[in-house]
Amino acid sequence: MEYNNLGKSGLQISRLSLGSWLTFGKQIEDKTSQRLMEIAYENGINFFDNAEIYARGQSEIVMGKILKKVNWSRDSYIVSSKVFFGSGGKYPTQKGLNRKHIVEACEQALERFQLDYLDLFFCHRPDKTTPIEETVWSMHQLIMQGKILYWGTSEWSAQEIMEAHMFAKQNHLIGPIVEQPEYNMFVRHKVEVEFSQIYETIGLGTTIWSPLASGVLSGKYNDKFPSDTRLGMEGLDWLKEKNTTLERLEKVQKLALLSERIGISLPIISIAWCLSNKNVSTVILGASKEEQLKENLKSLDYSTIITEEISAEIEKILNNKPDHPPY
Ligand code: NDP
């Protein structure tokens with residue numbers, strides 16, 4: 001495993017990490033979740049990603065129980081939660097980035113995890129109804145209280161991140177160090193263009209999500225719709241529609257031919273492609289089966305396969321390279 005600083009912070013994060021969205025406490029049994037975490041940890045993964053909304057809090061409960069059971073030294077891993085969507089409550093005070101919900105969401109996440117502190121706490125989406133100042137202050141105070149160590153954002157714009165950063169700087173508060181954006185061969189603009197200035201100015205790190213576009217970039221939807229996968233799950237039609245458009249599937253067919261020709265599996269190529277972007281601090285992997293995780297972990301050994309030639313070939317297939325503004 002390779003480790004690098006998360007943005008300009010001193011936190012050493014593994015280049016691959018493991019997330020629990022839609023799997024822990026939902027799609028897979030707890031014993032599978034445990035095996036996934038064990039395989040990840042044995043292979044040097046030190047970051048486990050979670051959120052209050054995942055399986056409405058159940059994902060954090062499952063992960064917390066596993067962490068208790070395996071009893072790894074608390075200083076050997078990084079665990080996150082995310083605040084914004086709430087954990088299923090119906091009251092207006094149970095979501096958002098206002099001080100009340102941030103403080104309560106943190107307390108509740110710690111309870112569910114049975115942990116004393118979170119290493120990373122993300123604002124899961126921007127909250128247009130709460131002043132950014134209130135959010136920055138609330139995060140800073142949680143750090144001062146020792147309940148979280150670092151904080152970040154997820155799916156914020158560069159402008160929103162910059163605003164939080166500037167407010168923190170002017171008021172000697174601790175600002176966000178990391179953003180968690182979607183990044184894969186289909187979704188590129190934020191990571192490749194929008195954030196390009198703030199990697200340097202702020203020293204922003206990134207923990208990128210859905211490297212396989214929910215499994216589509218593994219190629220398994222090319223011939224038929226497999227049973228027993230995420231995109232067949234009840235209530236996820238929106239995710240299926242987003243990821244299995246004809247345009248995307250046609251590109252994956254072509255990528256599969258490339259994969260066959262060079263003899264490296266498509267999931268490995270797709271993840272190695274994400275890793276080849278130097279502004280990606282860690283690629284958060286998702287897996288519903290042990291074999292998937294073992295396969296995906298190999299992408300680090302193949303990080304050099306994205307040569308200029310292969311990259312150009314992929315670029316030609318994708319035909320979606322985002323334009324940089326002319327300055
Ligand atoms: P991926 O796009 O990699 O999708 C993972 C899913 O793809 C697996 O659960 C599995 O689903 C399938 N899969 C994985 N590997 C293989 C393989 N080798 N062969 C075939 N199928 C495979 O990542 P996720 O979408 O899960 O995102 C990763 C993490 O990112 C999440 O767990 C979460 O922590 C974070 N995230 C954050 C978000 C945010 O808003 N901040 C939003 C979404 C995710 P199946 O077997 O069911 O097909």
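**Barrel and ligand shell**

Q: Which residue in β7 stands opposite Cys123?
A: Thr153 in β7 stands opposite Cys123. Strands here are DSSP runs of E, at least two residues, numbered from the N terminus, and helices are runs of H or I, at least four residues.

Q: Is this predicted or experimental? What gets counted?
A: It's a predicted model: local features need pLDDT of at least 70 and side-chain atom pairs pLDDT 80 or more, while totals for chains, interfaces and linings use all residues. Residues are numbered from 1 along each chain as its sequence is written, and side-chain values use heavy atoms, leaving out hydrogens and water.

Q: How do β6 and β7 run, parallel or antiparallel?
A: Parallel: five bridges join β6 (residues 118–123) to β7 (residues 148–153). Two strands pair if DSSP finds at least two bridges between them.

Q: And what do the eight strands close into?
A: A barrel with parallel pairing, in the order β3-β4-β5-β6-β7-β8-β9-β10.

Q: Switching to the ligand, how many residues surround it?
A: There are 32, and the closest are Asp49, Ser210, Lys220, Arg230 and Ser288. To count, a residue needs a heavy atom within 4 Å.

Q: Which helix gives the largest share?
A: α12, with three residues. α1 (23–27), β10 (282–285) and α12 (290–297) each supply at least two.

Q: What does a ligand oxygen atom have at Ser214?
A: A polar backbone atom of Ser214, 2.8 Å away; polar contacts are N or O pairs within 3.5 Å. A backbone N or O atom of Gly215 also lies 3.4 Å from a ligand oxygen atom.

Q: Where does Tyr54 come in?
A: An N or O atom in the Tyr54 side chain is 3.5 Å from a nitrogen atom of the ligand.

Definitions and conventions. A polar contact is a pair of N or O atoms within 3.5 Å; within protein, one must be able to donate a hydrogen and the other to accept it, and residues adjacent in sequence count only if both atoms are side-chain atoms.
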